[in-house]
Amino acid sequence: MGDAGRLPLQFHPTTRSPVYEYDGVARLRFLDAGTGEVVAEADIPAEWRRVLLIFAPAQSRETRLSYQILVVDDSAEALPKGSLRALNRSGWTLRGAVNGQSREFPPGLSPAMPASGAVELQLRAALRGRWWTSHTSQFELGAEQRALLVILPPYYPGSPEVQVRRLVDSVP
């Protein structure tokens, strides 16, 4: 493919990136611009037409890759307007509430749940035999918007306070 198919990669840690179109093989490879070495790979299911790629540092030292890529179905069917999903990467099963409705957030991607207008999120984590407040936030989600919450491990090891990144957009 040569350099014609290459684009520089720019990370957006708290927002969605611009939308890129790609028509090619289902496996995407990301290269280090300096060395040309593969630093990340992602397999895209052929039936998915809109995906969100979330890069995370590789957790295993047994891999030659620098990043693990989480591939999320970003279609309007998987995450419709007026809803939110949580991608729990904290390492814990969290309990909490979205607008007063009790929810459990096991590791991985939650199903879409209705949420629009004023949204109140509360999360708790079990640590040292008791439940601790892990995160609380309030935000507005317009009727035409949707949100993906990416829940990351605590910044300080041993703390119950998870990090939450909220990625909001309008339904395509």
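This briefing walks through charged pairs, aromatic contacts, a surface patch and backbone angles in the structure above. The model is predicted, so please keep in mind that local features need pLDDT of at least 70, side-chain atom pairs count only at pLDDT 80 or more, and totals for chains, interfaces and linings use all residues. Residues are numbered from 1 along each chain as its sequence is written, and side-chain values use heavy atoms, with hydrogens and water left out.

**Salt bridges**

- The structure holds 12 salt bridges, each defined as a side-chain nitrogen of Lys or Arg within 4 Å of a carboxyl oxygen of Asp or Glu.
- One of them joins the side chains of D169 and R16, at 3.6 Å from N to O. This pair links distant parts of the chain, with D169 in strand β13 (residues 163-170) and R16 in the segment before β1, 153 residues apart. Strands here are DSSP runs of E with at least two residues, numbered from the N terminus.
- D169 is buried at 13% relative accessibility, and R16 is buried at 18%. The classes are buried under 20% relative accessible area, exposed over 50% and partly exposed in between, with a 1.4 Å probe and protein chains only.
- R27 and E41 form another salt bridge, their closest N and O atoms being 3.5 Å apart. It links R27 in strand β1 with E41 in strand β2 (residues 38-43), 14 residues apart. R27 is partly exposed at 35%, while E41 is buried at 17%.
- R95 pairs with E104 in a salt bridge whose closest N and O atoms are 3.8 Å apart. Here R95 is partly exposed at 36%, and E104 is partly exposed at 48%.
- Salt bridges with shared partners also join R16, R50, D74, R146 and D169 into one network.

**Aromatic contacts**

- There are five aromatic pairs in the structure; rings of Phe, Tyr and Trp (its six-membered ring) pair if their centres lie within 6.5 Å, and planes under 30 degrees apart count as stacked, over 60 as edge-to-face and the rest as tilted.
- F30 and F55 make an edge-to-face pair, 5.1 Å centre to centre with 80 degrees between the planes. F30 lies in strand β1 and F55 in strand β3 (residues 51-57), so this pair ties together parts 25 residues apart in sequence. Both F30 and F55 are buried.
- F55 also pairs with Y67: the ring centres are 6.0 Å apart and the planes are at 80 degrees, so this pair is edge-to-face. Y67 sits in strand β4 (residues 67-73), 12 residues from F55.
- F11, F30, F55 and Y67 form one aromatic cluster.
- R130 lies over the face of W132, 4.0 Å from the ring centre; the criterion is NZ of Lys or CZ of Arg within 6 Å of the ring centre and within 35 degrees of the ring normal.

**Nonpolar surface patch**

- L9, F11 and Y67 make a nonpolar surface patch of about 270 Å². Such patches take residues with over 30% relative accessible area and no salt bridge, joining nonpolar side chains (Val, Leu, Ile, Met, Phe, Trp, Tyr) within 5 Å.
- L9 is found in the segment before β1 (27-31) and is partly exposed at 45%. Y67 is partly exposed at 31%.

**Positive phi angles**

- Most residues other than glycine have a negative phi.
- N99, in the loop between β6 (94-98) and β7 (101-105), has a positive phi of about 50 degrees although it is not a glycine. N99 is partly exposed at 37%.
- R128, in the loop between β10 (117-127) and β11 (130-141), has a positive phi of about 55 degrees. R128 is exposed at 66%.

Note on methods: Patch = residues over 30% accessible without salt bridge, like charges linked within 9 Å, V, L, I, M, F, W, Y side chains within 5 Å. Areas by Shrake-Rupley, 256 points an atom, 1.4 Å probe, with all protein chains shown as cover. Helix = DSSP H or I, 4+ residues; strand = E, 2+ residues; numbered from the N terminus.
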